[in-house]
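Here is a note for a colleague who is new to reading structures. Please keep the model open beside the text and look up each residue as it is named.

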Amino acid sequence: MSNAHDMLFSTLADPTRRAIFERLCREGEQTVGALTARSGVSQPAVSKHLGVLKKARLVRDRHEGRQTHYSAQLKALAPLIDWTSQMTGFWEKRFDDLENLLKRMDQ
């Protein structure tokens with residue numbers, strides 16, 4: 001697995017970062033203040049998590065005056081989607097093989 005994959009998985013492994021990312025996906029662009037208001041963590045902590053999300057290219061920032069607006073970058077999930085598809089195929093084949101073995105054993 002590449003470093004980009006590792007960064008994506010480790011970034012989303014943190015529940016607070018995942019919650020921030022999910023919120024940006026569902027609700028669209030938001031400021032740090034708006035994200036902090038309902039996150040249950042401090043503004044510096046939210047800013048730090050946003051920095052990690054930005055480094056992993058999961059969010060993008062846009063400056064408007066003194067405010068910074070963050071938005072989710074769904075294209076960054078492509079490696080995760082690809083990996084999930086590969087694993088789905090892998091496990092489906094294993095389960096099909098197991099089902100066939102069990103049918104043969106029942107005969």
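1. A residue is called buried when its relative accessible area is under 20%, exposed when it is over 50%, and partly exposed in between, with a 1.4 Å probe and protein chains only. This is a predicted model, in which local features need pLDDT of at least 70 and side-chain atom pairs count only at pLDDT 80 or more, while totals for chains, interfaces and linings use all residues. Residues are numbered from 1 along each chain as its sequence is written, and side-chain values use heavy atoms, with hydrogens and water left out.

2. Begin with Gln30, which is found in strand E1 (residues 30–31); helices (H or I, at least four residues) and strands (E, at least two) are DSSP runs, numbered from the N terminus. Is Gln30 buried or exposed? Gln30 counts as buried, because its relative accessibility is 8%. Leaving aside residues up to four places away in sequence, Gln30 touches Arg23, Leu24, Leu35, Thr68, His69 and Tyr70, where contact means heavy atoms within 4.5 Å.

3. The sheet comes next. Three strands form an open sheet in the order E1-E3-E2, with antiparallel pairing, and two strands are said to pair if DSSP finds at least two bridges between them. The edge strands are E1 and E2, each of which pairs on one side only. Strand E2 (residues 59–64) is joined to E3 by six bridges; Arg62 stands opposite His69 in E3, and the bridge partner of Glu64 in E3 is Gln67. The hairpin of E2 and E3 has two residues between the strands, and in this hairpin Gly65 takes a positive phi near 65 degrees.

4. A nonpolar core is here a set of buried Ala, Val, Leu, Ile, Met, Phe, Trp, Tyr and Cys residues joined through side-chain atoms within 4.5 Å. The largest such core has 17 residues, and those with the most contacts inside it are Ile20, Phe21, Leu24, Leu50, Leu53 and Leu58. Two or more residues each are given to this core by H1, helix H2 (15–27), helix H3 (32–37), helix H4 (43–55) and strand E3 (67–72). Ile20 touches Leu35, Val46, His49, Leu50 and Leu53, again not counting residues up to four places away in sequence.

5. The aromatic rings deserve a separate check. Rings of Phe, Tyr and Trp (its six-membered ring) pair if their centres lie within 6.5 Å, and planes under 30 degrees apart count as stacked, over 60 as edge-to-face and the rest as tilted. A search of the whole structure finds three aromatic pairs. One of them is the edge-to-face pair of Phe9 and Trp83, at 5.2 Å centre to centre and with 75 degrees between the planes. Phe9 lies in helix H1 (residues 3–13) and Trp83 in helix H5 (residues 78–106), so this pair ties together parts that are 74 residues apart in sequence. Phe9 is partly exposed at 26% relative accessibility, and Trp83 is partly exposed at 33%.

6. A further aromatic group remains. Phe90, Trp91 and Phe95 form one aromatic cluster. Why is the pair of Phe90 and Trp91 edge-to-face? The ring centres of Phe90 and Trp91 are 5.0 Å apart and their planes stand at 85 degrees, so the pair is edge-to-face. Phe90 counts as partly exposed at 32% relative accessibility, and Trp91 counts as partly exposed at 45%.
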